[in-house]
Amino acid sequence: MPIFRKPMAGLTCLFALAVAGCSAGSGDSGGSTDAAEPSHTAYAPYVSATDASANDSAGSPSTYNLAFVISDGRTCTPKWDGQDALTNSAIKSRISKLKADGGDVRVSFGGASGKELASTCDSASALAAAYGKALDAAGTDRADFDIEGDELTDAGSVALRSKAIALLQKQRSDLEVTFTLPVMPSGLDADGLALLESANKYDVQVSTVNLMTMNYGESYAGDMGDYALTSAKAAHTQLKKVFGLSDANAWQGMALTSMLGVNDVANETFSLSDAAQVRAFAQKKGIAWVSMWSTFRDQKCKAGDSASDDAATNCSGVEQSSGAFGKAFAG
């Protein structure tokens, strides 16, 4: 288990954007009484940045996570899905439509495929500039860093990313940063904790840690709703230690993302009742927001669309009405 540097008196608290009362010079090490009532838990699904879904607005999301901005594969050039230019007119129109429908947007960098920009940019300044261009293109000050797979285990890119985000936050005082990380029922693994340690080291101001409560492995054949809650409780203990937070503030600095319906791992199916269970738990604990992967899967599969042992990209694989998961997560 890594050793973490906790916030010191005179420094702006980590989670400053998510936690009420946490400010420069407070020196809050988590020992204060949890006086605040749990806040309303927002709903912020992952959506395709390039393709609209009829289910995008189900549940009236407060924020849409735009998936994904990554490298073009060779250079420090940010592109939507590694292919489409940030200035693509169709994507800009899509983003404008999402905002017009009442939601804000958050740019999600990374994901499970392609190359995250930290693996192709050669300096913190260049990386910060690349991230900034994507945020400007989307017209937002919210950034999600979905770090998994090889990107999570690469210590060099983890450190470079932390330096770049810290630099970007100095340039953009309102920048809200979320880290999206894989989790198990036992909590965050050593690589996820090391990433948060790196964020601490370089004074990144973290708004939320978003837990991917999904794809645990074939040995986890139980209830997916229960696993999500167990994972959140284990990670809650870890976040308290990493950031020196009280019980309530550690919940407020957490988000939960589930993969609806049939997951990528055999025997894992996340049901509508699981979604309702996660929503109720999140609201009770005062968790910042809940999310799902993803709106374009929030519909019943047509005949032949989904194999029984694999997650389809455009449907859930379970019996449902279109948009039903969005409504369940919104509460």
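Trainee: What volume does the largest pocket have?
Mentor: About 850 Å³. Keep in mind that this is a predicted model.

Trainee: Which residues are closest to its centre?
Mentor: F68, G111, A112, E148 and W293 are the closest to the centre, out of 39 residues that line the largest pocket.

Trainee: And by class, what's in the lining?
Mentor: The lining of the largest pocket has 19 nonpolar residues, 13 polar ones and seven charged ones.

Trainee: Which strands supply at least two residues of that lining?
Mentor: Strands β2 (46-48), β3 (63-71), β7 (176-182) and β9 (254-259) each do.

Trainee: What caps its N-terminal end?
Mentor: D189 does: a side-chain oxygen of D189 lies 3.1 Å from the backbone nitrogen of D191.

Trainee: What follows α5?
Mentor: D203, with a positive phi near 60 degrees.

Trainee: Which α5 residues are buried?
Mentor: G192, L193, L195, L196, S198, A199 and N200.

Trainee: Zooming out, how many helices and strands does the chain have?
Mentor: Nine helices and 12 strands. Of the 331 residues in the chain, 54% count as buried.

Trainee: And of the contacts between residues at least 6 apart in sequence, what share joins residues at least 24 apart?
Mentor: 73% of them.

How values were computed
Residues are numbered from 1 along each chain as its sequence is written. This is a predicted model: local features need pLDDT of at least 70, side-chain atom pairs count only at pLDDT 80 or more; totals for chains, interfaces and linings use all residues. Side-chain values use heavy atoms; hydrogens and water are left out. On a 1 Å grid over the protein atoms alone, a cavity is a set of points where a 1.4 Å probe fits but cannot get out, and a pocket is an open set with protein on both sides within 12 Å along at least five of seven lines; lining residues have an atom within 4 Å of a point. Grid points are joined across faces, edges and corners, and a volume is the space filled by probe spheres set on the points. Helices (H or I, at least four residues) and strands (E, at least two) are DSSP runs, numbered from the N terminus. Ala, Val, Leu, Ile, Met, Phe, Trp, Tyr, Cys and Pro count as nonpolar, Asp, Glu, Lys and Arg as charged, and the others, Gly among them, as polar. Buried means under 20% relative accessible area, exposed over 50%, partly exposed in between (1.4 Å probe, protein chains only). A polar contact is a pair of N or O atoms within 3.5 Å; within protein, one must be able to donate a hydrogen and the other to accept it, and residues adjacent in sequence count only if both atoms are side-chain atoms. Contact means heavy atoms within 4.5 Å.
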